[in-house]
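I opened this entry to log what I looked up, starting with the whole chain and ending with one residue.

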Amino acid sequence: YEYINVPTYTYNIRGGVNYNEPIARNWTFTLQYNFTYRNQSKEQEAWYTNDDFSHDRTRPIGALSINSATNTLTHRAGPGIRYSKKRNTLVLRVMYENLSRYGSFANGNNVSSLVNKQYHSPQYHAMFRYAFNKQNSLRIQFSSNSDAPSVTQLHNIFDVASPQNISVGNSNLAPEYSHSGSIRYILSLPSKGQTFMAMVRGEYYQNAISASTLYNSRGWALPDEMDGIVIPKDESGKAYRPTQITSYENISGMWSVRANISYGVPLSFMKCNLNMTANVQYSVRPSAVYDAGNSPAELLENVANHHFSINKANNIGYTFRLALGSNISENIDFTLSWRGTYNQAWNSATEASYGEKIVNNYFRHTASASIKWIFGPGFTLTANAAYHQYIGFSNNYNEQYILCNLYLGKQLFKN
């Protein structure tokens with residue numbers, strides 16, 4: 001067995017300046033600057049344990065004894081303009097982001113790596129809110145964001161913490177860039193206690209950072225090195241034989257779209273509130289799959305050269321939720337709810353292998369009830385129960401269980 005101690009130290013510094021200047025009636029010019037500095041260090045120590053499971057400092061695990069440090073400095077600045085009149089608002093803003101990331105890594109086997117990267121990205125944000133009247137409003141929003149690769153994803157070092165699932169970074173990764181947009185309509189009738197909301201949201205990712213996998217189905221031993229990167233050995237000096245090897249690649253084509261509708265209405269005849277929500281979501285998430293080659297010598301060749309095929313994981317989900325909440329008195333309150341999700345999932349790699357689309361269908365739902373009762377001189381009784389069921393139609397899987405909780409409290413102090 002292995003004993004691993006991982007003390008981690010982190011601190012952050014943030015600051016910023018905002019400037020606002022009215023330039024016309026209802027119009028304001030804005031200028032923003034902010035920065036963030038983050039420092040994180042890790043001093044991981046690892047040893048093999050004795051027969052009584054006590055750790056033995058005379059038997060360190062060099063590949064898992066790691067000292068690492070990461071420093072990230074981010075600058076963001078840009079102008080914008082804002083229009084506001086009554087309940088109508090328009091916001092337009094562009095930003096420039098500069099991110100510097102420095103990281104060092106060294107383990108007990110005298111393997112070290114340095115990362116020194118700088119990334120630049122323009123970003124935008126636009127929001128328009130229009131109120132037809134006090135009850136009806138429409139909001140449209142578009143924005144972008146960038147996410148730089150972490151130092152772990154950039155280090156060209158083999159991580160053997162899990163011998164059956166070994167990973168290695170990719171120093172050539174670029175930041176992923178995302179675009180999102182949404183349209184939301186709200187109808188609120190306070191006099192009747194009714195609320196209706198409809199929303200559509202979509203996201204698209206450029207250069208998405210994907211965890212990419214090589215399946216070592218033949219159980220080949222890892223070579224001594226990959227493209228000049230030394231591959232560690234186990235305690236006895238033998239090469240690892242992992243079932244899979246993971247690295248990271250930039251892949252475009254990840255996107256999702258979701259539509260949501262909700263409605264809330266009071267049921268005065270039973271002093272309760274009824275809320276209903278329905279949504280549908282479709283997502284496509286590509287990932288890279290490496291070919292293991294035809295011999296042990298070719299095992300990591302495609303990882304080193306970034307040659308891979310793309311598998312697209314497709315998922316469609318339909319969700320409906322129904323909740324009934326009481327409004328009987330201040331001393332008793334209960335909630336009944338049900339939520340169900342039906343999913344269809346399939347992979348393009350499976351379709352390419354079998355010549356047909358194989359769809360996995362599964363259904364998950366939860367029915368729950370809770371009650372809170374305040375009685376006597378400050379006593380509170382809270383109880384809840386939930387029934388969970390997961391059904392896999394494609395593989396005849398059926399899992400179900402019930403969770404119950406009961407709490408009793410007593411108020412000791414006033415207010």
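My notes on the overall chain and one glutamate follow.

I am working from a predicted model, where local features need pLDDT of at least 70, side-chain atom pairs count only at pLDDT 80 or more, and totals for chains, interfaces and linings use all residues. Residues are numbered from 1 along each chain as its sequence is written, and side-chain values use heavy atoms, with hydrogens and water left out.

**Whole chain.** I looked up the secondary structure and found three helices and 23 strands (DSSP runs, H or I of at least four residues for helices, E of at least two for strands, numbered from the N terminus). The radius of gyration is 28 Å, well over the 22 Å from the globule rule for 415 residues, so the chain is more spread out than a compact globule. That radius is taken over C-alpha atoms, and the rule is 2.2 Å times the number of residues to the power 0.38. Along the principal axes, the C-alpha atoms fill a box of roughly 75 × 60 × 60 Å.

**Burial.** I noted that 33% of the 415 residues are buried (under 20% relative accessible area; exposed is over 50%, partly exposed in between; 1.4 Å probe, protein chains only).

**Glu 351.** I found Glu 351 in helix H3, residues 348–354. Glu 351 counts as partly exposed because its relative accessibility is 34%. Leaving out residues up to four places away in sequence, Glu 351 touches Glu 356 and Lys 357 (contact means heavy atoms within 4.5 Å). I also checked Met 270: it is 81 residues from Glu 351 in sequence and 52 Å away in space, C-alpha to C-alpha.
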